[in-house]
Amino acid sequence: MDYQSYIKAEFLFLIPVIMLIGAAIKRTERINSKWIPIILGVIGCIGVAVWQLAYESVTNWWAFALTSFVQGILVAAGAVYSNQIYKQTKK
């Protein structure tokens, strides 16, 4: 799967960041593992929104919200997928 055809290049840096956040959440053992992907999805959406507000002029708020949501979910999915590949190759 070619992530670059779905995830905008400027958001690819979020994948390792979200992976690290997910690993930190997992180590605390306070949160059930089934909630971690949802938490990472929310963090991804917030990360994309913050990046867009910092580096782009937002003129269309609907497009901003849709981009933040879709790209945030894709970035989080990439992080979870990458983490699973790492775990599977360790076995």
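The model is predicted.

Take α1 and α3 to begin with. Helix α1 covers residues 14–28 and helix α3 covers residues 61–90. Their axes come within 8 Å and cross at roughly 65 degrees, and the crossing of α1 past α3 is right-handed. On the α1 side, the contact uses Leu 14, Ile 15, Ile 18 and Met 19. On the α3 side, the residues are Val 75, Ala 76, Gly 78, Ala 79, Ser 82 and Asn 83. Sorted by class, this contact of α1 with α3 holds seven nonpolar residues, three polar ones and no charged ones.

Now α1 and α2. Here the axes come within 10 Å, with a crossing angle of roughly 140 degrees. α1 passes α2 in a right-handed crossing. From α1, the contact takes Leu 14, Ile 18, Ile 21, Gly 22, Ile 25 and Lys 26. From α2, it takes Ile 36, Ile 39, Leu 40, Ile 43, Gly 44, Gly 47 and Val 48. The class count for α1 with α2 is nine nonpolar, three polar and one charged.

Leu 14 is listed in the contact with α3 and also in the contact with α2. Setting aside neighbours within four places in sequence, Leu 14 is in contact with Gly 44, Gly 47, Val 48 and Val 75.

That brings us to the core. Which residues have the most contacts inside the largest nonpolar core? They are Ile 7, Phe 11, Leu 14, Ile 15, Ile 18, Leu 40 and Val 75, in a core of 13 residues. Helices α1, α2 (36–55) and α3 each supply at least two residues of this core. As background, nonpolar side chains in soluble globular proteins tend to be buried together.

Ser 68 is in helix α3, and Gln 52 is in helix α2. Are they buried or exposed? Ser 68 counts as buried because its relative accessibility is 5%, under the 20% limit. Gln 52 is also buried, with a relative accessible area of 5%. The two side chains make a polar contact with each other at 2.7 Å. The side chain of Gln 52 also reaches the backbone oxygen of Phe 64, at 3.5 Å.

As for other neighbours, not counting residues up to four places away in sequence, Gln 52 touches Phe 11, Val 58, Phe 64, Thr 67 and Ser 68. With that exclusion, Ser 68 touches Cys 45, Val 48, Ala 49 and Gln 52.

Cys 45 comes up again with Ile 73. Ile 73 lies in helix α3 and counts as partly exposed, because its relative accessibility of 37% falls between the 20% and 50% limits. Leaving aside neighbours within four places in sequence, Ile 73 is in contact with Gly 41 and Cys 45. The C-alpha atoms of Ile 73 and Cys 45 are separated by 6.4 Å, and the two residues are 28 residues apart along the chain.

Last, a backbone point. Most residues other than glycine have a negative phi. Glu 29 is not a glycine, yet its phi is positive, about 60 degrees. Where is Glu 29? Glu 29 sits in the loop between α1 and α2. Its relative accessibility is 70%, over the 50% limit, so Glu 29 counts as exposed.

Conventions:
Residues are numbered from 1 along each chain as its sequence is written. This is a predicted model: local features need pLDDT of at least 70, side-chain atom pairs count only at pLDDT 80 or more; totals for chains, interfaces and linings use all residues. Side-chain values use heavy atoms; hydrogens and water are left out. Axes are lines fitted to C-alpha atoms, for helices over the stretch in contact, and angles run from 0 to 180 degrees between N-to-C directions. Helices (H or I, at least four residues) and strands (E, at least two) are DSSP runs, numbered from the N terminus. A crossing is left-handed if the near helix is turned anticlockwise from the far one by less than a right angle, and right-handed if clockwise. Contact means heavy atoms within 4.5 Å. Ala, Val, Leu, Ile, Met, Phe, Trp, Tyr, Cys and Pro count as nonpolar, Asp, Glu, Lys and Arg as charged, and the others, Gly among them, as polar. Buried means under 20% relative accessible area, exposed over 50%, partly exposed in between (1.4 Å probe, protein chains only). A polar contact is a pair of N or O atoms within 3.5 Å; within protein, one must be able to donate a hydrogen and the other to accept it, and residues adjacent in sequence count only if both atoms are side-chain atoms. A nonpolar core is a set of buried Ala, Val, Leu, Ile, Met, Phe, Trp, Tyr and Cys residues joined through side-chain atoms within 4.5 Å.
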